[in-house]
Amino acid sequence: MNLELTDEQVALRDTVRRYLTEKASVTTHVRPMLDDPMGTTSEVWAGLAALGATGVLVPQEYGGSGMTMVEAGVVAEELGAALHPGPWLSSAVAAVRALTRLVTGEDAASLLTGIAEGSTVATVGPLTGPRPTADGDVLRGEISALPDAAAAGVVLVLADYGSSTGLFAIDATSAGVSVTEQTHVDPTRKLFNVTFDDVRAQRLASPSADDIGGLVDDVLIAYAADALGAATAVMNLAVDYAKVRRQFDQPIGSFQAVQHLCVDMYETVELARSGVLQAMWAADAAPPAERHLAAVRAKAFAGQLATVADTAIQVFGGIGYTWEHDAHLYLKRLLGWSAFLGGSDKYLQELGRQLAMAVSS
Amino acid sequence: MDFSYPQEVEQFRKELRAWLAANLTDDVVAAGRQRGRDPDAFETLRVWDATLSDAGWAAVSWPQQYGGRGATVLEQLAYAEETTDARAPVPLNVIGMNNIAPAIMQYGTDAQKRELLPRMVRADDIWCQGMSEPEAGSDLASLRTRAVLDGDDYVVNGQKIWTSLGHRADWCQLYVRSDPDAPKHKGISCLIVDMTLPGIEVRPLVTLNGDADFAEVFLNDVRVPADALLGPLNGGWQVATTTLSHERAGAARLYAQLEVQLRDLVADLADSKVDGRPVLEDSATLRRLGEVAVRIKYLEVLCQRSISATLHGGDALGSASLAKSVWAEVGQELAALAFDVLGPLGGHRRWSDRRLTSRSLTIAGGTTQINKSVTATRVLGLPRR
């Protein structure tokens, strides 16, 4: 029982935090990228790769640092706190875990090497819902709400393949691939509708439902860590503001009504942090059933987590309702997480159902 | 990062679980639920506390010299989880063991430690704590019960309220105003008072569901021997905040208790139908169960984080008071869910009773509002008015 970060994990966190503060702040990077479907510049992406952020989960033999989801969560939290709009979750977590969880042998070697270097950006889909169909090595169909497709040079597609499921790699520039941006609540995350019209694909694996479940859990856990970072950041902004904003000749943070709003945010953030820590650990260290529950819980709590930004806006008052203020960007990030792969209700019900099954058995 | 327990803690857990399985009877479990209204239940619980103590399974966090077993923090955590999971009743002297005994260990005479502590653990003596007064609730330091030295005695006058088990107690750890001229935190002293002394009158305080677990204690010219003073004269506030330096796992009872309640609730729901359909197929009910389940699990991890921080030098910022607030809120949500779905007769009226008694969760031991104000200033660093 030791839930503290190691010195190495703290150093990783501080390195990423410093880089984002200096090179990719909300003002200098996030806002300019709001209308850019790439979500990143090649300079910022190369910088993240140079820090090792893109290779956190890539095994060492392919040029990564071969770390666990705990370290990935540490990085994700920092990126979330900075509202980072680049394709890190898609490429460094979803694609890497798809390749390491689902693919055996050397088929994934060059992709993993490229992702770790930052020269390859990849995304994976669909994680839920209907899948495209593969006939031999030809793919047809569409994926909706696929993250980071414009930035991705490689799309990893889970497709119906005969009576099973195949994981296919597609060069995003291939003939027959068309990518259309879908605007949604969160402009710091880029989502796309991607259609495949008889596209040549390379089959990498035929994963089982359990393997795919593990991948989805990993993605949910990393997104949850990102959202935790965003919620923590907007809470800190609001608490700091309450200490200096004066009305009635005193800081508004001296009023109990405002203090209690701040504590409500703190309570929600610390509950979420508890869940994320346990999930980050469970992703690699716990049995699959425990990992899955941890991931579902994190997603089920997403709606509650979004209230942190709602409350922060209330503490800011009028200024928090403006475009100029960053509060709305955090709210949108948290609402995007809340809506990702289906709203919280579905996941809350799944938890209730699991509980019912556990007690009856 | 590692959420698993070391092997020696698992061994401790296994031994305790086996002992509970062999010794904890249904009668004792039932008595734990009836103690506020059934005198026989109270006696059953006394016998149980003695059994637990004689077997070495009471007050495990205490040093061995006082009848404990010097359990490590993680063993304490496992102890709280296992006893709660087995539905073992909370010890009758739980307040004494958690809040009074540490002060006796620190400030008491050798005779007090030797005579009082073992009898407290066995429930040979029942203890109460005289703190709250009608005019001193959340603002505890404004208490007005007076103690005036007269020869070899303190003469005590005043009134206490919300005294748990006051009507059954043999001893009271009484907080009194010994210096009315000092600032309010600095004029308080602590006395160990024999409840049979002349001038003490106790009336059971009946709470909203008809139970009598609390009492009002009236003190009228009670002559308390001066050597009953515990700790320094006018140093009562520091006595009140004494805790066992290694007692860290108290919060574990909070989540373990909610986990048991949640399991009991789901078991009761499994037999229930609404409009002819099983309740556990109703999406709204499943959703609410899910909400409660997430928060209970997160409360568990919050408590574990606090323990990990004390073990490994991490940052335990405010997690204890946070855990208390969350426990209270989730306990109320769970009770409301049970009542809403099962109705007033569900689960042999148990949930209906809980719906009522859960109101106390956000009041007892410091209201949620006081708790939030303390967290705001001490943890978040917001300015005081």
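The buried residues of helix α6 of chain B are B:Leu116, B:Leu117, B:Met120 and B:Val121, where buried means that 20 or more other C-beta atoms, placed from the backbone, lie within 10 Å of the residue's own. Seen down the axis of α6(B), these buried residues fall within an arc of 120°, so they line one face of the helix; the arc is that of the directions from the helix axis to the C-beta atoms. They pack against α3 (39–54), α5 (94–107) and β1 (127–130) of chain B. Helices (H or I, at least four residues) and strands (E, at least two) are DSSP runs, numbered from the N terminus. With 12 residues, 110–121, α6(B) reaches 17 Å from its first C-alpha to its last, close to the 16 Å expected at 1.5 Å a residue, the expected span being 1.5 Å times one less than the number of residues. After α6(B) comes B:Ala123, whose phi is positive, near 60°.

This is a predicted model, in which local features need pLDDT of at least 70 and side-chain atom pairs count only at pLDDT 80 or more, while totals for chains, interfaces and linings use all residues. Residues are numbered from 1 along each chain as its sequence is written, and chains are lettered from A and ligands numbered from 1 in the order in which they are written.

The domain assignment of chain B, whose bounds come from an automatic or database source, gives domain 1 (7–92), domain 2 (127–240) and domain 3 (252–378). The C-alpha centres of domain 1 and domain 3 of chain B lie 22 Å apart, and seven residues of domain 1 are in contact with eight residues of domain 3, contact meaning that C-beta atoms placed from the backbone lie within 7 Å.

Between the chains, the contact takes 40 residues from chain B and 38 residues from chain A. On the side of chain B that touches chain A, the elements giving two or more residues are α8 (252–270), α9 (283–312), α10 (319–342) and α12 (368–378) of chain B, and α9(B) gives the most, with 17 residues.

The largest nonpolar core has 239 residues, and those with the most contacts inside it are A:Cys262, A:Leu334 and B:Leu299; such a core is a set of buried Ala, Val, Leu, Ile, Met, Phe, Trp, Tyr and Cys residues joined through C-beta atoms within 7 Å. Not counting residues up to four places away in sequence, A:Cys262 touches A:Ala238, A:Val239, A:Ala242, A:Val315, B:Ala376, B:Leu380 and B:Leu382.

Technical notes
Contact = placed C-beta atoms within 7 Å. Buried ≥ 20, exposed ≤ 12 C-beta atoms within 10 Å, placed from the backbone.
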